[in-house]
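Here is a short report for a reader new to this structure. Please look over the chain below before reading on.

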Amino acid sequence: MVRENEIRASEVAVELPTSTDAELMFIGRIRTPWTLRLECPRQGRLDGPVCRIELFEPWAAGLSGIDAYKRLEVLYWLDRSRRDIVLQSPRNDGTTRGVFSLRSPVRPNPIGTSVVELVGIEGATLLVRGLDCLDGTPLIDLKPDRCLFTPLAPKQPGDDQVGEP
């Protein structure tokens with residue numbers, strides 16, 4: 001386990017930009033063929049068009065080793081979404097559901113996620129399939145698909161009762 005502020009051997013830290021919010025920073029920009037929300041698919045498809053995820057400096061070095069993974073989780077900021085609707089009617093049929101029971105881009109903190117297929121790397125740009133966001137969407141983070149990992153720690157007594165009284 002890494003202790004707070006510890007940097008392990010062979011790790012590299014970069015100077016962070018000045019923060020003007022809750023320290024969320026965009027690390028890149030996503031390029032897709034969609035410029036209007038009505039054109040954009042409701043869910044990404046792994047047989048969809050190839051899109052580009054362009055990382056900004058100094059984050060490009062963080063792509064080292066990413067080619068070992070076929071699927072990635074992409075987190076992005078839905079910068080053109082409303083943030084003030086807590087009950088929504090996704091089918092426009094008069095029934096409503098709470099924002100947290102939907103994958104709608106309209107949310108208090110409009111963070112989108114997609115699992116994408118990595119199809120190529122061009123320098124600091126990833127070529128992927130499976131995105132469902134507008135062209136120019138700010139990138140928050142990238143991670144290897146969590147389904148590819150098994151827990152590092154051995155199972156402990158009581159693990160199956162997490163969340164039970």
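Is Glu54 buried, partly exposed or exposed? Glu54 counts as partly exposed, because its relative accessibility is 24%. The model is a predicted one.

## Glu54 and Arg31

Glu54 has a charged partner. Its side chain meets that of Arg31 in a salt bridge, at 3.5 Å from N to O. This pair ties together distant parts of the chain. Glu54 sits in strand β2, Arg31 sits in strand β1, and 23 residues separate them.

How exposed is Arg31? Arg31 is partly exposed, with a relative accessible area of 33%.

## Arg31 and Asp135

Arg31 also meets Asp135. Their side chains form a salt bridge at 3.7 Å, N to O. Again the link joins distant parts of the chain: Arg31 is in strand β1, and Asp135 is in the loop between β7 (125-129) and β8 (137-144). The two residues are 104 residues apart. Asp135 is partly exposed, at a relative accessible area of 26%.

Which residues make up the network of salt bridges around these pairs? Arg31, Arg52, Glu54, Glu122 and Asp135 are linked in it.

## Arg82 and Asp84

How many salt bridges are counted in the model? The count comes to nine. Another pair is Arg82 with Asp84, whose side chains meet at 2.7 Å, N to O.

The two partners fall on either side of a cut-off. Exposed means over 50% relative accessible area. Arg82 stands at 49%, so Arg82 counts as partly exposed. Asp84 has a relative accessible area of 51%, so Asp84 is exposed.

## Two cysteines, no bond

How many disulfides does the structure hold? It holds zero. Take Cys40 and Cys133. The closest cysteine sulfur to that of Cys40 is in Cys133, at 6.4 Å.

Buried means under 20%.

Arg42 is found in the loop between β1 (28-31) and β2 (51-55). With a relative accessible area of 66%, Arg42 is exposed. A patch residue must have over 30% relative accessible area and no salt bridge.

## A nonpolar patch

The surface also carries a nonpolar patch. Leu24, Phe26 and Phe56 make it, and it covers about 230 Å². Where does Phe26 lie? Phe26 lies in the segment before β1.

Phe26 is partly exposed, with a relative accessible area of 34%.

Note on methods
Residues are numbered from 1 along each chain as its sequence is written. This is a predicted model: local features need pLDDT of at least 70, side-chain atom pairs count only at pLDDT 80 or more; totals for chains, interfaces and linings use all residues. Side-chain values use heavy atoms; hydrogens and water are left out. Helices (H or I, at least four residues) and strands (E, at least two) are DSSP runs, numbered from the N terminus. Buried means under 20% relative accessible area, exposed over 50%, partly exposed in between (1.4 Å probe, protein chains only). Patches are made of residues with over 30% relative accessible area and no salt bridge: like charges are joined within 9 Å, nonpolar side chains (Val, Leu, Ile, Met, Phe, Trp, Tyr) within 5 Å. Accessible areas come from the Shrake-Rupley method with a 1.4 Å probe; for residues, only the protein chains shown count as cover. A salt bridge is a side-chain nitrogen of Lys or Arg within 4 Å of a carboxyl oxygen of Asp or Glu. A disulfide is a pair of cysteine sulfur atoms within 2.5 Å.
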